[in-house]
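Dear colleague,

I am handing over the structure below, together with notes on what was found in it. Please keep it open beside the text as you read.

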Amino acid sequence: MTHSTLSPVHIVGGGLAGSEASWQLAQAGVPVILHEMRGVRGTDAHKTDGLAELVCSNSFRSDDATANAVGVIHAEMRLAGSLIMACADKHQVPAGGALAVDRDGFSDAVTRALHEHPLITVVREEVQGLPPAEWGLTIFATGPLTSPSLAAAIQAETGKDALAFFDAIAPIVHRDSIDMDICWYQSRYDKVGPGGTGKDYINCPLDKQQYDAFVDALIAGDTVGFKEWEGTPYFDGCLPIEVMAERGRETLRHGPMKPMGLTNAHNPTVKAYAVVQLRQDNALGTLYNMVGFQTKLKYGAQAEIFRMIPGLQNAEFARLGGLHRNTYIHSPTLLDHTLRLKSRPTLRFAGQITGCEGYVESAAIGLLAGRFAAAERKGSEIVPPPATTALGSLLNHITGGHIVSEDEPGKRSFQPMNINFGLFPELQPGSIVKPEGVKRFRGKDKTVMKRQLMARRALRDCANWLGVASPVSEAGPVEPISAVGV
């Protein structure tokens, strides 16, 4: 039984995002009806009917809030009273600097907290279509394994090209880790194109020996197989890079690595045997994707092999490539800055279906959707988190951080993304100052300081947004942040 005069908000999906959204709403005094189909209908990946079940790894990744973007979003969520983070902290298992959990204990704790909250009602049923008008405010948090009937209903509402069922992702590289003494900016044949300059790509040259070694490494690299229920979603124009390599040694040179129309600015008289191109991936210009490099290589193999490419020998990857089942909407064109569906503003989307990647990111977007819906239900102003925070950076990526590809109509430039510092706005000029007494200050040392400053700025700004005490001082390390008790 609830104890509120407010109308309930309906949430569809009891995974990490739906569970967190439910908690944020209820803690704000707004009743919740949480609809979860497991218990009535299972999925191909889940094993239990517990809420917030972890279907893959039991790790929430790095918990370092001083210089790691994942650790920063952990800390911001704790500041915001996250249920997911509280239960993760309570059921932590040893994992070095990572936050890993006992998956059963974690799910049981989330399930218990939601069932015991007086403002939350959990209903076990499959929601097969968009909600009736009488539901009012509704959050869809159905994840990458959205049921076929519901996915069809979402597609009917949003348009046939607005819902992706498979993710073909090329690796994404931090711009400041690319060696521009080797690489150069140029579009093929200096083509300007709509909104272009003729220098819209970063080009990495390979000679024949380097190309042959690269192809050999691709063919020999360890790959990840498709799960039985995924099938094999290869289609023209989206073959994994290693599959192309297997089809013939010259295939890549006539495909994504063709050198035609490009002149090495550092050595104009020598023609590259092959060229890897990287294209700007976000509006901030801090991330570049490797064009045509979707892959099923294992992550360790990807990092090792792709660093064989001249200019990428010190590459830092914001994300590595992949090809897998992942139902998500084209959020930048469909959602407003508070995660509402533009064509039907009573509906919000949260979690992986919005185009974020990872447990923590999914829960974080659930947290924001819950807080936004609570403010709307209570008639309060909705204030999104600052762009300088991890929460704000992830939200901005989902709702508008992509590049509009005017020269390639229909090209999907929006891809699911884990939180990383490449999504954060750059620091103010002059923020990075060489420490006193240090003679050489560059490379990794400079990168670490940059990340520390971004982390400190994020947590300070997040605390201001939430109206809580800041966990950071202007100088010195980030102080530990305690999770709420459950």
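I begin with Ser149, which is partly exposed because its relative accessible area is 27%, where buried means under 20% relative accessible area, exposed over 50%, and partly exposed in between, using a 1.4 Å probe and protein chains only. Please bear in mind that this is a predicted model, in which local features need pLDDT of at least 70 and side-chain atom pairs count only at pLDDT 80 or more, while totals for chains, interfaces and linings use all residues. Residues are numbered from 1 along each chain as its sequence is written, and side-chain values use heavy atoms, with hydrogens and water left out.

Ser149 is found in helix H5, residues 148-158; helices (H or I, at least four residues) and strands (E, at least two) are DSSP runs, numbered from the N terminus. Leaving aside neighbours within four places in sequence, Ser149 is in contact with Glu126 and Gln128, contact meaning heavy atoms within 4.5 Å. The C-alpha atoms of Ser149 and Leu130, which are 19 residues apart along the chain, are separated by 9.9 Å.

As for the whole protein, there are 12 helices and 17 strands, and buried residues make up 55% of its 486 residues. Among contacts between residues at least 6 apart in sequence, 69% join residues at least 24 apart.

Strand E5 (residues 98-101) is joined to E4 by 2 bridges, and Val93 stands opposite Ala100 in E5.

Arg61, in strand E3, has a phi of about 70° and is partly exposed, with a relative accessible area of 26%. Leu339 has a phi near 75° and lies in the loop between helix H9 (331-334) and strand E16 (340-341), where it counts as buried at 0% relative accessibility.

Which residues touch the most other members of the largest nonpolar core? In this core of 93 residues they are Phe60 and Phe106, a nonpolar core being a set of buried Ala, Val, Leu, Ile, Met, Phe, Trp, Tyr and Cys residues joined through side-chain atoms within 4.5 Å. Helix H10 (residues 359-377) gives the most to this core, with 12 residues. Leaving aside neighbours within four places in sequence, the contacts of Phe60 include Leu54, Ile84, Leu99, Phe106 and Tyr359. Apart from this core lies another, of 36 residues, among them Tyr211, Val276, Leu278 and Phe306.

Finally, the axes of helix H2 (residues 69-79) and helix H11 (residues 390-400) come within 8 Å and cross at roughly 110°. H2 and H11 are therefore roughly perpendicular to each other, given that angles under 35 degrees count as roughly parallel, over 145 as roughly antiparallel, 65 to 115 as roughly perpendicular and the rest as oblique. Ala69, Val72, Ile73, Glu76 and Met77 of H2 make the contact with Ala390, Leu391 and Leu394 of H11.

With best wishes

Definitions and conventions: Two strands pair if DSSP finds at least two bridges between them. Axes are lines fitted to C-alpha atoms, for helices over the stretch in contact, and angles run from 0 to 180 degrees between N-to-C directions.
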